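Me: I would like to go through the labels attached to this model and see what each one rests on. Please set the values against the cut-offs.

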Amino acid sequence: MWGLPKPRYANCNASDSSEETEIYVNIGGVRQVLHGDILNRFPETRLAELVNSASGNSDTISSLCDDYDPGKGEFYFDRDPDAFKCIIELYYFGEIHMKRGICPICFIKEMEFWKIDIGFLDECCKSNLSEKEEELAEIANKVKLILEDMQGEPAANRWERCQKFLWKLMEKPESSLPARTIAIVSFFFILISSVVMCMGTIPDLQVEDAEGNRVEHPTLDAIETACIGWFTVEYLLRLASAPNKVHFALSFMNIIDFLAIMPFYVVLVLTYLGTAVMELANVQQAVQALRIMRIARIFKLARHSSGLQTLTYALKRSFKELGLLLMYMGVGIFVFSALGYTMEQSHPETLFKSIPQSFWWAIITMTTVGYGDIYPKTTLGRCNAAISFLCGVIAIALPIHPIINNFVIFYNKQKVLETAAKHELELMELQSSEGEATPATRKSRKPSCAEVWDSDNPHSDTNSPVLPDAHRTRQQSCK
């Protein structure tokens with residue numbers, strides 16, 4: 001039996017009888033002695049009602065606890081004893097701190113059972129609760145989307161069903177084997193197109209046209225045309241099957257897809273029609289500029305790579321750290337370039353002609369590149385270069401850890417959410433095949449979101465349900 005601290009103050013409003021009352025409670029097998037004057041500090045809670053009804057009839061007592069032993073005078077509660085250690089702190093300290101490793105959603109259910117308002121929860125714990133609620137909503141969202149894909153809409157007409165089938169085929173590789181095959185083929189087309197674009201710049205693989213200009217080899221040009229044809233068909237099918245055409249067109253990744261195929265058709269138009277209205281030299285310049293835009297197709301890989309998507313999210317979450325890095329580097333570049341220009345003016349063969357020109361030297365020095373095209377020749381200038389080098393290393397290293405931390409957190413979170421959603425679907429399928437679960441089965445069910453709540457603490461043994469309307473699970477059965 002674990003003890004509690006002595007009361008630090010007395011409740012003058014409590015009755016003499018309640019001050020002298022002691023009750024014995026058994027929380028999940030852990031016996032505890034509680035004093036009436038302590039519990040009556042919050043008279044609207046379940047424990048305060050229990051201590052005031054200890055001498056009442058059995059119906060009132062049974063409505064407040066799970067079981068009661070009149071011989072021992074002991075009240076039994078089938079609740080989590082670890083969570084109760086946090087709950088009881090309210091009566092002694094006036095607020096509740098949720099211990100690390102306890103599921104926040106499950107702890108809120110405990111507070112509701114003991115009739116304690118969530119306002120007594122400390123602010124740091126409330127922020128943790130909001131994060132977990134967001135994760136819970138994401139899991140429920142994933143499960144809902146998967147169920148919608150599995151069940152479909154019975155009232156949908158033939159075109160809507162075909163549209164939804166095509167959307168799943170083009171956008172959700174995990175939905176079926178053909179969809180996964182299309183995703184793999186699209187991935188290889190992106191790689192082939194990128195390789196062909198690079199090989200087309202090799203002089204040995206180029207040929208001369210009728211005017212003596214070197215152009216891409218016809219074979220590479222044919223492969224490029226085939227890749228563009230695949231990208232075009234893929235984009236049009238996804239656009240035709242998109243539930244919201246405007247949202248689809250304005251999506252960042254879809255803009256990348258459009259920019260990847262648009263230069264090909266613009267070059268085609270300029271090549272065959274532009275010569276009639278423009279000079280050939282201008283047409284060729286425009287063609288070369290548009291062909292450079294083909295590098296945008298490499299970003300299409302992010303659609304098929306969860307790692308690239310995670311990296312993008314980590315960079316978005318790290319704007320503050322990146323801003324600090326740019327600020328540090330900007331200040332350092334300005335200071336050290338000005339110092340370098342001033343210190344090198346005394347040398348007759350100085351390479352520092354102006355402060356703006358010295359910016360380039362400061363950039364390559366602070367980033368540890370050092371091309372050697374511009375360098376100091378005086379002793380003071382070299383000392384300045386050494387200091388700028390050290391400051392650059394420190395400035396770059398400072399924000400690296402938060403960026404890496406954001407990447408790892410989001411990556412692990414996505415993996416956990418996917419695992420929890422799949423686990424929940426497996427449980428739903430198992431329950432649907434076995435029929436309605438018996439009370440014993442419900443007690444032995446391990447919640448699928450345990451990994452989500454314990455992702456911050458891998459040693460935690462407290463679990464909670466995934467969906468908001470799920471029943472509370474007895475935590476001892478999850479261990």
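Me: Which residues is Asn384 in contact with, leaving aside its neighbours within four places in sequence?

Reply: This is a predicted model. In it, Asn384 is in contact with Phe336, Leu339, Gly340, Met343 and Trp361, once neighbours within four places in sequence are set aside. Asn384 itself lies in helix H19, residues 379-397.

Me: Why is Asn384 called buried?

Reply: Buried means under 20% relative accessible area. Asn384 has 3% relative accessibility, so Asn384 counts as buried.

Me: What makes Ala395 buried, and what does Ala395 touch?

Reply: Ala395 is also placed in helix H19. Its relative accessibility is 7%, and the cut-off is under 20%, so Ala395 counts as buried. Not counting residues up to four places away in sequence, Ala395 touches Leu325, Tyr328 and Met329. Between Ala395 and Thr367 there are 9.4 Å in space, C-alpha to C-alpha, and the two are 28 residues apart in sequence.

Me: How do you know that the length of H18 agrees with its number of residues?

Reply: Helix H18 runs over residues 355-366, twelve residues. At 1.5 Å a residue they should span 16 Å, and the end C-alpha atoms are 16 Å apart, so the two values agree. Buried residues in H18 are Ser358, Trp361, Ala362, Ile364, Thr365 and Met366. Their cover includes helix H17 (319-344) and H19.

Me: Why is H9 called oblique to H10?

Reply: The axes of H9 (residues 158-171) and H10 (residues 177-199) come within 7 Å and cross at roughly 45°. That makes H9 oblique to H10, because roughly parallel needs an angle under 35 degrees and roughly perpendicular needs 65 to 115. At the contact, Lys168, Leu169 and Met170 in H9 meet Pro178, Ala179 and Ile182 in H10. These residues divide into five nonpolar, no polar and one charged.

Me: Which residues have the most contacts inside the largest nonpolar core?

Reply: They are Phe77, Ile96, Phe107 and Trp114, in a core of 39 residues. Helix H7 (residues 104-113) gives the most to this core, with six residues. Another core, of twelve residues, lies apart from it and has Leu325, Ile333, Trp361 and Ala395 among its members.

Me: What makes Asp122 buried?

Reply: Asp122 has a relative accessible area of 17%, under the 20% cut-off, so Asp122 is buried. Asp122 lies in the loop between H7 and helix H8 (123-151). With neighbours within four places in sequence left aside, Asp122 is in contact with Glu95, Ile96 and His97.

Me: How many helices and strands does the protein chain have, and what share of its residues is buried?

Reply: The secondary structure comes to 22 helices and six strands. Of the 479 residues in the protein chain, 37% are buried. Among contacts between residues at least 6 apart in sequence, 63% join residues at least 24 apart.

Conventions. Residues are numbered from 1 along each chain as its sequence is written. This is a predicted model: local features need pLDDT of at least 70, side-chain atom pairs count only at pLDDT 80 or more; totals for chains, interfaces and linings use all residues. Side-chain values use heavy atoms; hydrogens and water are left out. Axes are lines fitted to C-alpha atoms, for helices over the stretch in contact, and angles run from 0 to 180 degrees between N-to-C directions. Helices (H or I, at least four residues) and strands (E, at least two) are DSSP runs, numbered from the N terminus. Angles under 35 degrees count as roughly parallel, over 145 as roughly antiparallel, 65 to 115 as roughly perpendicular and the rest as oblique. Contact means heavy atoms within 4.5 Å. Ala, Val, Leu, Ile, Met, Phe, Trp, Tyr, Cys and Pro count as nonpolar, Asp, Glu, Lys and Arg as charged, and the others, Gly among them, as polar. A nonpolar core is a set of buried Ala, Val, Leu, Ile, Met, Phe, Trp, Tyr and Cys residues joined through side-chain atoms within 4.5 Å. Buried means under 20% relative accessible area, exposed over 50%, partly exposed in between (1.4 Å probe, protein chains only). The expected span of a helix is 1.5 Å times one less than its number of residues.
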